[in-house]
Amino acid sequence: MRWWLGRGADRGATDALLRAALEALHSGAARDLKTGRRKQLYPLDLRGGGAPDHLLKVNDYRGAAGLRRALRGSKARHELEMAERVAGRGVPTALPLAAGERRSGGLLRSCYLLMPILEEVVDLRRLWWEEKQSPRERHALVAAFGALSRQVHDAGVFQGDFAPNNFLVRRGPSPQLFMIDFERVQQRGHNDEAARCFMLAKIDRRLAGASAAERMRF
């Protein structure tokens with residue numbers, strides 16, 4: 001295993017968290033939220049507070065994928081790099097703590113991304129569809145998301161998966177939003193109209209069934 005620490009991460013504290021995360025993973029104590037064979041997502045209580053405080057994302061590479069990724073680099077390192085670049089452009093971002101790679105025989109076998117869980121947040125998809133909100137609260141949420149979308153687009157950030165579950169919301173009169181999941185993110189000098197429409201179309205598809213007024217606001 002080789003690890004790359006995120007910007008501002010304390011080496012000693014992060015090392016202890018990584019050891020605890022891998023111990024939970026290898027002991028079988030961690031519970032996978034994913035159903036696929038190549039991707040896993042584990043909520044972990046690494047500080048002993050009784051509730052998950054970190055997420056460990058794992059990608060496994062098999063066959064030719066292991067060779068390609070050995071040359072190109074892992075998804076975890078890409079996510080760490082992109083998250084830091086996006087944050088550097090002023091976009092509110094949930095920053096990972098560390099990215100790791102496991103290599104053997106000249107192949108990349110798996111990669112790991114450790115992320116702290118932000119407090120009092122919910123993803124936009126779940127908030128929009130599963131929680132009851134007043135018209136005033138919905139309007140505030142739409143306005144906040146619209147402002148963040150413009151900020152992301154103007155910053156030259158292209159998110160190939162501009163989906164509502166890739167944004168976290170902290171509730172309030174003026175909701176705070178954070179961008180997450182940078183696996184399909186690219187940093188560009190400029191997003192043209194086609195790129196902006198491509199991203200917003202993803203939001204439109206994921207909000208199928210919304211009223212015309214809600215679609216116009218988004």
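A: Buried here means under 20% relative accessible area, with exposed over 50% and partly exposed in between, using a 1.4 Å probe and protein chains only. Helices (H or I, at least four residues) and strands (E, at least two) are DSSP runs, numbered from the N terminus. This is a predicted model, where local features need pLDDT of at least 70, side-chain atom pairs count only at pLDDT 80 or more, and totals for chains, interfaces and linings use all residues. Residues are numbered from 1 along each chain as its sequence is written, and side-chain values use heavy atoms, with hydrogens and water left out.

Let's start with the helix. α5 covers residues 135–154, 20 residues in total, and reaches 28 Å from its first C-alpha to its last. That is close to the expected 28 Å, taking the expected span as 1.5 Å times one less than the number of residues. Its buried residues are A140, L141, V142, A144, F145, L148, S149, V152 and H153. As a reminder, an α-helix has 3.6 residues a turn, so residues three or four places apart point the same way. After α5 comes G156, with a positive phi near 80°.

Now the sheet. It is open, has 3 strands in the order β6-β8-β9, and pairs antiparallel; two strands pair if DSSP finds at least two bridges between them. β6 (122–123) and β9 stand at the edges with a single partner strand each, so one side of each has no neighbour in the sheet. α5 packs on this sheet and touches β8 and β9, contact meaning heavy atoms within 4.5 Å. The direction of α5 makes about 40° with that of β9; axes are lines fitted to C-alpha atoms, for helices over the stretch in contact, and angles run from 0 to 180 degrees between N-to-C directions.

Strand by strand, β6 and β8 pair in the antiparallel sense over 2 bridges, and D123 has L168 in β8 as its bridge partner. β8 and β9 form a hairpin with 5 residues between them, and G172 in the turn has a positive phi of about 155°.

For context, the protein chain holds 7 helices and 10 strands, and 44% of its 218 residues count as buried.
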